[in-house]
Every structure is written in C-alpha cells, then in structure tokens.
Amino acid sequence: MNQQDPSKRAVGKAEALALSNLYKDAAPTGKNITATLMAKSWGSPSELVCYFKSVDCQCFQITTFRTNGHEYRDNAGNVDFALTSSINRDYQLSIRKGLRDKAPTLVSAILLPQ
C-alpha cells in the first residue's frame, strides 16, 4: 500500500491504521539495507512513522523523531523524512536494535539516485 496523496507530509489516522496493519515485519538490522519509503504517518507530536518495503519484500516501519523544528531525520541527520519528495524513493538504511531497545533505531539513511 502506498501513500494515496504523496503531496502530503503524512497520511491521516484511518490510513495510518491500515498501514500499521500491513507493515508488520520486523525491521531488518544492519547496514546497507535498500528499501523504498512507501508512506508516512504521524505518531506523537514529535514522531513520524515511516513505512518501508525492502528489496526482499519485507514491509516494516521505523519511527523518526523531530530534530530541528519541523525536521524528522535519521540519527546521522542525512535525510529529512518530513519532506513530501521523500515518498516512493529508495534509501540505503542502517538500522540498529540494542538488547534493551523496544524498537529499532534508524542510524543513517542515504537517498539513492533514481
């Protein structure tokens, strides 16, 4: 499922619920994970949930957090996922999940050329 209106920064609540039911795979961990950003939804006021589909068809979600004002970036600060131009683009991701972490962390993201 793709975000219906890519001109929006994120989907509404009803569409977000449908996406969270579809994107249930555990996020892969490691470096050099290639995945397409399919949609985004708002979590809490400081969270933007990103829904990715990897090249091996895993559908997973990663939460990014507000960094500077209205920017929602990976930990390295490379990509602002709040931009409308980020939908349907391929990224090289680095994802980590520590033993005590409840959710995986998006360490870095690099926008791949189209």
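**Reading aspartate 74**

Guide: Start with one atom pair. A polar atom of the aspartate 74 side chain lies 2.9 Å from the backbone nitrogen of valine 79. This is a predicted model: local features need pLDDT of at least 70, side-chain atom pairs count only at pLDDT 80 or more, and totals for chains, interfaces and linings use all residues. Residues are numbered from 1 along each chain as its sequence is written, and side-chain values use heavy atoms, with hydrogens and water left out.

Visitor: Where is aspartate 74 found?

Guide: Helices (H or I, at least four residues) and strands (E, at least two) are DSSP runs, numbered from the N terminus. Aspartate 74 sits in the loop between strand E4 (72-73) and strand E5 (90-96).

Visitor: Is aspartate 74 buried or exposed?

Guide: Buried means under 20% relative accessible area, exposed over 50%, partly exposed in between (1.4 Å probe, protein chains only). Aspartate 74 has 2%, so it is buried. Of the 114 residues of the protein, 39% count as buried.

Visitor: Which residues is aspartate 74 in contact with, leaving aside neighbours within four places in sequence?

Guide: Contact means heavy atoms within 4.5 Å. Aspartate 74 touches Val79, Phe81, Leu106, Val107, Ser108 and Ala109. Isoleucine 87 is 13 residues from aspartate 74 in sequence and 15 Å away in space, C-alpha to C-alpha.

Visitor: What share of contacts in the protein between residues at least 6 apart join residues at least 24 apart?

Guide: That share is 52%.

Key
Polar contact = N/O pair within 3.5 Å; in protein donor to acceptor, adjacent residues only side chain to side chain.
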